[in-house]
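Good morning, colleagues. Please take a moment to look at the display.

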Amino acid sequence: MSKTTDVTVPHPEGDLEHFQDPGIPEHRHRMADTDPKADKRAERQVVVLFTISVIGTIVALWAYFAIRPDGTTAGVRTSTMVLGLAIFFALAGIGVGAIHWAKTLMSDHEVVEDRHATRSPDDVREIAVQKLADGIKDSGIGRRGVLKGVVVSALALFPLTIAVPLISSVGGDWNVGTFRTTLWKKGTRLTYDPTGRPIKASDVTIGSAVHVIPEVTDEYRQSGEWISEKAKALVLMVRLDPRDFKPFAKGKENWTYDGIIAFSKICTHVGCPVALYEQQTHHLLCPCHQSTFDVADGAKVVFGPAKRPLPQLPITVDSEGYLVAQDGFDEPIGPSYWERLR
Amino acid sequence: MKALAARRHHRFAPVVLLLLALLVTGGVYAVLAPGQARADSASTQDIETGKKLFQANCATCHGLDAQGTDNAPSLIGVGAAAVDFQVSTGRMPMAMDGPQAQTKPRQMTEEQTSQLAAYIASLGAGPAIPTDEQVDGSKGNPANGAEIFRTNCAMCHNATGQGGALSEGKYAPSLERTSARNIYQAMLTGPQSMPVFNDANITPDEKRDVIAYLEAQREGSAGGATLGSLGPVSEGVWAWVVGLGLLIGAAVWIGAKSS
Amino acid sequence: MTTTTTRPSATEPTTPIGRSSDYLDNRTGIGHAVKEFARKVFPDHWSFLLGEIALYSFVVLLITGTFLTMFFVPSMSLSTYHGAPKTMDGLLMSDAFASTLRMSFEVRGGLLMRQIHHWAALVFMASIVTHMMRVFFTGAFRRPREFNWLIGFTLLLTGLLAGFTGYSLPDDVLSGNGLAIANGVVKSIPVIGSYMSYFIFGGDFPGEQIIPRLFTLHILLIPAIILALVALHLMFVVVHKHTQYPGGGRKDGNVVGFPLFPVYTAKAGGFFFVVFAVLSLMGATMAINTVWNYGPYDPSPISAGAQPDWYMLFLEGSLRLMPGQAEFVSWGDFTWSLNVLVPAVLPVLLLIGFALYPFIEAKVTHDDREHHVLDRPRNRPTRTGIGMAFLAFFVILAFAGSNDLIAIHFHLSINEITWFFRVFVFVGPWFAFWITKRICLGLQRKDRELVLHGHETGRIVRFASGEYIEVHRPLDEQERWVRVNYTAHQPLELPAPNGPKGTKDKAYKSAKRWAKLSRFFYEDRIEPVTPAELAASHSHGEHDALPGGEDHALVAPDHSVDATEQSH
């Protein structure tokens, strides 16, 4: 690369084309430099500031022992606030004191230091290169081609001994097929989230929005596994006047029960719960990214970043009048992924 | 005392006295009235008066017999709770068209509201106005309420009930100052965009728990100023304005030459 | 008095300080370091302290973070919680969430430490961004500091990671939904998306491992990387010595300022306490990340106003703006989730482009000199414009990520706001570039005018001839020097093609492209006043009130500033 540049370095000495650098501005005295009273006053201020810090520390220690949060909102707030404010004064006293000291009492004459080019000087470079060359010569690596190849291969390969077990293990069983399965199957009862009470069809009034989970045992609902299963099985069920439905898609004509319709609550965009139901417009809105789905029209997307409608859960009632699933979802729920349709 | 005695015969004295009397009566009424007005005593006369009020104030939109029009829904079967909610929060009668009815100073007195409610309730069975017992948050379990609220309400009203945006300019209002009775009624009747949460979905006890949770929120935050309880966005704004603002201010002070 | 002895053979130290220094130096040789660094010069300017805010908030993060690790339990095992606050009593939750509640409500000072930690994280990121802006707009990234710019940029990214892994730890509903979104974004990656999701969560989302994994990253791996990079960053500051603003006596060959000991030690050391104090004040009085309101993580709930911390808002915003139509299914039934992938990747690519800016600018400027005197932003109109455009892009995205809050607080329709931002995210940065560049050029013109004609004094004088003029006071040397001491770079000249027309000449084509880019950078420029011009202006008469001063102030030889309108 060429060393020539079109950059003109300003000439400090000045000529017709360039002004002269006037040099460092004249030093201006501060009040404390000339007036002994101001000097004394500044010193007193610094002393007061550091004293505030000492008092702050004492108050902080007192607050820690004296104010015990009692678990109430007001109690915890008082404890946090008093302790925090005391710490604030303890720290601010030191900080402001030190800076004030530096600004008013320490010398404010500017100092000039020379810089040197960042690159090492030529003779240093020469020595460095020579040393490296000597080392290479000593090792004989240049002459021993096979050795070089083997060393490089060994060094490149050995990280695999750590990386492969690590990566392989953190992925669990890698059974990504679980994305397709949920707890819903034929005959699973719909229950209220989070209480788990089964839902009677007659209890769902028009205009209702019901957050639904599949029926499982109470013990299962206390297990960690449940959280992951719930994350896939969440359903939002609403009831509207059957006359408000647009014609159902082919094969889904009997997926509703008397105006009650149920959709997966997991957004097809990136998987937030699409929990926000507007009763009058029959729109479901995702509070995360505002994808809007029309419940009356098969949960088709009417606005926002989602593309696909929410998967529908086919429902009916059992002999006791409770709502049950006719079957599981007929497609993977939640956000899209590469092999979703395969 | 002497001065007061001297002014007793001032010519404005009767006016001042009258004003004082009015104030006291008003105050006493304000304290006592809600309890009285809500007492269930839907006499035929109340229904009649309610009908007249309806025809004067509501019939233009809801139809002469509350059967609904193109502009407004039928009110048959919505129940007294819906009327009390809509009218006592000032949402109805509606002032102007907009994405949704707004709260405003109430247009009808407690008495008129209950008469109107009695009339609507007489048209078809619907949810009744909850009793004081049902909406007494101090009897509820705020932890259970918090769980119910998170699952059913927080997506619109925000985690602490500060409100949130819906589509097309509609919004879920803040619940900070909503009365316990109105909170209960809203769940029960599902006004406007809000879905209905009937007693099978959220039981009366659970509704009271929700009220208990929302009332616990009114104690403020254990951490200090709530910053509107809007979450990370308002926290970010405060971090920039207060945090970085103060620190840059300090930096400027450090960099400035002392006088 | 002898305070330090560097050689054992020196006179025996007599004072206690002298004796302990002698003891220390005999074992560490610290005398060399003290000799080298004690009076090292640092230039004084408030904007040089922005990086210090970042450094000190990081120290505060380490201190408060250590406190928090003593009480935090990084486990997703579920149990029923009993204790304060009453809105959480009796609920089923993970140990991570329960321990967060305990440290907030039972450990004295625990909530304070949590809040200071979180505020410090927000201020840490904010100060990194402002520090980067200062470095960018003043050209401090030029040779020899390109690597340090890249290190700083990497620190920005690791800071983002530290923040994200940190606020996800309490296992609350808000951050849990953030993880759900992260999972959705990861799944959108073609071919390996679902496997990446399994890699992160150790199974189906959310599984039972993500919190312990994030904990290890958050308290071990990421802070270690940040610490190492900070050390490198500061080492380079020492090696290069600090840049300085232009002014009398400030040259590329020197550094003017105050010595490290005692002035800078007191100022910088004091500033650490000020930073810590301000963060304590915030932690004491302002609630942050009130997880007990969000509740323990459960996949079902979601709260209105579900947003990440501010530094991730740009990603949230771009996810919100992208229309869904971009998702499609290709042959073989493979799903391309471009509606997620594009908005997640595009801003990151832009950020990386921003990181490479120093190299691009050096190339179009043909500049490989060392620079230690900073630019005034107005003297590099195109660079300043580009910086503002970048900033505008990310700020607009952050606003788009808050569109629901804007909707409710300004009574607007969220759909309309989204549409507005869909357009504005492209128009806004362009407009920011254009207006910034015009302002810079205008300021440069004003500088020229000031240098040539001096300050207006407001004093009107009448001449014997009856002519009225306003007296102008010429600039003093220092004022003038700041305004004339810069280089107005010219566009690269196009080299002659090597072969006859029509032959393929890759080198020539590339040179042509660079020349074109260089023109974009430098065709509009305003040259500094030369002494000759100043003399000429004075010969017009000291009192000349310069009608039409604009015109002869422009002396760019080949392209005048007025050519801008045609060139765009």
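How many residues of domain 1 of chain C are in contact with domain 2 of chain C? There are 10 on the side of domain 1, and they meet 11 residues of domain 2. Please bear in mind that this is a predicted model.

The domain assignment places 48-72 + 86-375 of chain C in domain 1 and 442-496 + 504-567 in domain 2. The centres of these two domains, taken over C-alpha atoms, are 42 Å apart. Between them, about 990 Å² is buried, with 68% of that area coming from carbon and sulfur atoms. On the domain 1 side, Lys363(C), Val364(C) and Thr365(C) lose the most area to domain 2, together 48% of what that side buries. Zero salt bridges are counted between the two domains of chain C, while four residue pairs are in polar contact across their interface. The residues of domain 1 that touch domain 2 comprise four nonpolar, four polar and two charged.

I turn now to chain B and chain A. Here 33 residues of chain B and 38 residues of chain A take part in the contact. The buried area is about 2,900 Å², and carbon and sulfur atoms give 54% of it. Met155(B), Trp253(B) and Lys257(B) supply 20% of the area that chain B buries, more than any other three residues.

How many salt bridges are counted between chain B and chain A? The count is three. One joins Lys257(B) to Asp108(A), with the closest N and O atoms 2.6 Å apart.

Methods. Residues are numbered from 1 along each chain as its sequence is written. Chains are lettered from A and ligands numbered from 1 in the order in which they are written. This is a predicted model: local features need pLDDT of at least 70, side-chain atom pairs count only at pLDDT 80 or more; totals for chains, interfaces and linings use all residues. Side-chain values use heavy atoms; hydrogens and water are left out. Domain bounds come from an automatic or database domain assignment. Contact means heavy atoms within 4.5 Å. Buried area is the accessible area (1.4 Å probe) that two parts lose on being put together, summed over both. A salt bridge is a side-chain nitrogen of Lys or Arg within 4 Å of a carboxyl oxygen of Asp or Glu. A polar contact is a pair of N or O atoms within 3.5 Å; within protein, one must be able to donate a hydrogen and the other to accept it, and residues adjacent in sequence count only if both atoms are side-chain atoms. Ala, Val, Leu, Ile, Met, Phe, Trp, Tyr, Cys and Pro count as nonpolar, Asp, Glu, Lys and Arg as charged, and the others, Gly among them, as polar.
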